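Dear colleague,

Please find the structure below, handed over for your own work. My findings follow it.

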Amino acid sequence: MGSAPTVTGECVQAPLQCLTPAGELAAPLPPGLDANRLVEIYRWMVRLRAFDSRALRLQRQGRLGTYAPYSGQEACQVCSVLPLQRTDWICPTYRDHGAMMVHGVPMANILRYWRGDEWGSHLPGVYTLPISIPIATQCLHAVGLAWAARLRGTGQVAVAYFGDGATSQGDFHEAMNFAGVFRLPVIFFCQNNLYAISVPLARQTAAPIVTKAAGYGVAALRVDGNDPIAVWAAVSQAAARARAGEGATLIEALTYRYGPHTTADDPTRYRSEDEVRQWQERDPITRLHRYLVHQGLWDAASEEALQEQVKAEVAAAVAEAESLHPAPTDIFDYVYGEAPWYIREQRREVLAEARVGEGGGHG
C-alpha cells in the first residue's frame, strides 16, 4: 500500500491512486474520509449517473436541447465539490452540471437550462457561476473570484473546471499566470478525458498538462480521476493550501467520458469500442461499490432502495422542469443593461411570432 496523495509545491506527474479498480485500497484513507462520507460519495455518484442517463434519453426524445453528458466522470464531479465549503465558488463548464448539483443547484434547474430556459441559470444562494460554454473563460472568472476573496479576507476558495482542450487556450495561461504571481486561493481542476471534442490529447498538447503549472509557479498534482478517494484527497489538500495562503494548485484528473462530447457528436468516428470498454473497467461507481461491499457498508437492499430513490428524484425534477414555461423573450433580457438595436429587433420578431402562435396573427 502506497502513501496518500500529497499536494506540494513540486510538480507531481505520476497519477496518484488510493482505490484500485478492484475496490481495494492502494493508500490509507485520507483524514476526514470516514465510512459515512464514503457512502455519501457513492450515493451522489449513483444519483448523477441516473440523471445523466435520463437527460440523454430526454434529448433523444426532443424534450431537451443539445446536452453534454458526463457519465464516467462522476468521481471528478462529486469529489471535487464535497471537500469544499458551501461558500466556496465553483466555475463550471457545460459538462460540470453534476458538480453544480452536489454544490446545491436543484436538479430541475439543470434541466431547465438544457431546455433553453434562462431561469435555469438563476442560482440564488448557491456559490456557483452559470455554466460556461466558451472554453477556458471561466478560469479567469475563478481567478477574479479568488482575488476578491483575498482582498475581502473571506477565506473562500474558487475552483475552475475545464477539460484538456482548455489548456490550449490563452485564458487558461493568463489565469494561471495571475494566480501564480499573486498566490491566489484558486484550484484549477482539469478533467482530462483524453479528447478535446474529437481531437485526441496527443494532437492538442505536446506536454503533460500537469507540467504546465511549473511555468507559473503553481503547485500541481495528477490523480486517477476515476478514483473518488484520490480526487477527494487532492481537492481537500489543495483547498487547505489555498486557505493557508499557499496559493493555487493545478489538479489534472485522468478520466474518461463514455458518451459523446455532446449529443451533436458521434464518438464512434474517432475512438474504438475496445478503448471505451477498457475505461469502463475502471468505472468510479463500480470500484467504490466493491469497496463498500467488502467493508460491510453496503448491500443489495441498500442498492435497491437507492436506485428507487434516485429514479423518483429524477422523475420529479423532469416533471417540475417541464411544467414551467418561461417567456420567449427571456433569452434577450438578461445579458445587456441596455440592449443594442439588433437585439431589440430580434426581440420584437420573437414576440410577434409568439403572438401568431397563440392565434392572434391570422384573420
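Why is strand β7 (residues 219–224) largely enclosed by the rest of the structure? In this predicted model, six of the six residues of β7 are buried, so the strand is largely enclosed. In a regular strand the side chains alternate between the two faces of the sheet. Both faces of β7 are covered, with Ala219, Leu221 and Val223 buried on one side and Ala220, Arg222 and Asp224 buried on the other.

Strand β7 runs parallel to β8, to which six bridges join it. Asp224 stands opposite Leu254 in β8. Between the two strands the chain passes through helix α8 (residues 228–243), and this β-α-β crossover is right-handed.

Thr249 belongs to strand β8 (residues 249–254). Thr249 counts as buried because its relative accessibility is 0%, which is under the 20% cut-off. The side chain of Thr249 makes a polar contact with the side chain of Arg241 at 2.8 Å. Ala238 is eleven residues from Thr249 along the chain, and their C-alpha atoms are separated by 6.0 Å.

Helix α11 (residues 300–323) was also examined. Its 24 residues, at 1.5 Å a residue, should span 34 Å, and its end C-alpha atoms are 35 Å apart, which agrees. At the N-terminal end, α11 is capped by Asp299, with a side-chain oxygen 3.2 Å from the backbone nitrogen of Ala301. Buried residues of α11 include Glu303, Leu306, Val310 and Val314. Among the elements that cover the buried residues of α11 are α1 (35–60), α4 (107–114) and α10 (284–294).

With kind regards

Definitions and conventions:
Residues numbered from 1 in each chain as written. Predicted model: local features only at pLDDT ≥ 70, side-chain atom pairs only at ≥ 80, totals over all residues. Heavy atoms only, no water. Helix = DSSP H or I, 4+ residues; strand = E, 2+ residues; numbered from the N terminus. Buried < 20%, exposed > 50% of the residue type's maximum accessible area, 1.4 Å probe, protein only. Polar contact = N/O pair within 3.5 Å; in protein donor to acceptor, adjacent residues only side chain to side chain. Pairing = 2+ DSSP bridges. Right-handed = clockwise from strand over helix to strand, strands pointing away. Expected span 1.5 Å × (residues − 1). Contact = heavy atoms within 4.5 Å.
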